[in-house]
Amino acid sequence: MKCVIVEDESLIAQELLIKINKIAPHITIIAQLDSVAATLSWLQENKEPDCWLMDVQLSDGISFEIFQQYNFLSPVIFTTAYEDYAIQAFKANGIDYLLKPIDDYELKAALQKATTLTQRNAYDFNNLLTAIQSSTSNRNVYKERILVPFRN
């Protein structure tokens, strides 16, 4: 699973990266971003990751500004020091809201939830793809007889 960390404090971002590597080695952090502008720029150039770990208060604004300009499909785990934004976070595709300092157990549970959601979506997509492929494989079968009404 590929994740992106959006955190403006570099020491906290490094600590989060170390915890993720220890708790969930199957997760790869593909980018560490530090602002709303950097995140929006990254989204224009890259495919959306499987999961986000995002701080609410960033150096150039609040992370919810990103959601106003980009429709996220992947789950977001909010990591913040502020309790005030919890309801807004769940309206913005948030699956968990972790308060700093982040507890290892809570982080592990949030990452497991994100992994489960990502695997479920991939499973649904594979089923849909299989159904489409099986229906297109029968496309070259033509009718041999056609009934047409003629007089009475």
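Me: Where is the place of Ala37?

Reply: Ala37 sits in helix 2, where a helix is a DSSP run of H or I with at least four residues, a strand is a run of E with at least two, and both are numbered from the N terminus. This is a predicted model, in which local features need pLDDT of at least 70 and side-chain atom pairs count only at pLDDT 80 or more, while totals for chains, interfaces and linings use all residues. Residues are numbered from 1 along each chain as its sequence is written, and side-chain values use heavy atoms, with hydrogens and water left out.

Me: Why is Ala37 called partly exposed?

Reply: Its relative accessible area is 46%. Buried means under 20%, exposed means over 50%, and partly exposed is what lies in between (1.4 Å probe, protein chains only). Ala37 is therefore partly exposed.

Me: How do you know that strand 1 and strand 2 pair?

Reply: Pairing requires that DSSP finds at least two bridges between two strands. Strand 1 (residues 2-6) and strand 2 (residues 28-33) are joined by five and run parallel, so they count as a pair. Cys3, for instance, has Ile29 of strand 2 as its bridge partner. Between strand 1 and strand 2 the chain passes through helix 1 (residues 10-23), and this β-α-β crossover is right-handed; that word applies if, with the strands pointing away from the viewer, the path from the first strand over the helix to the second runs clockwise.

Me: How many bridges pair strand 1 with strand 3?

Reply: Four, in the parallel sense. Val4 has Trp52 of strand 3 as its bridge partner.

Me: What makes strand 2 and strand 7 stand at the edges?

Reply: The open sheet of five strands has the order 2-1-3-6-7, with parallel pairing. Strand 2 and strand 7 (94-99) each have a single partner strand, so one side of each is left without a neighbour in the sheet.

Me: Which residues touch the most other members of the largest nonpolar core?

Reply: Among its 22 residues, they are Trp52, Met54, Phe64, Ile66, Phe67, Phe72 and Phe78. A nonpolar core is a set of buried Ala, Val, Leu, Ile, Met, Phe, Trp, Tyr and Cys residues joined through side-chain atoms within 4.5 Å. Helix 2 gives the largest share of this core, four residues. A second, separate core has 21 residues, including Ala13 and Ile95.

Me: Which residues is Trp52 in contact with, leaving aside its neighbours within four places in sequence?

Reply: Contact means heavy atoms within 4.5 Å. The residues in contact with Trp52 beyond those neighbours include Val4, Val6, Leu33, Trp42 and Phe72.
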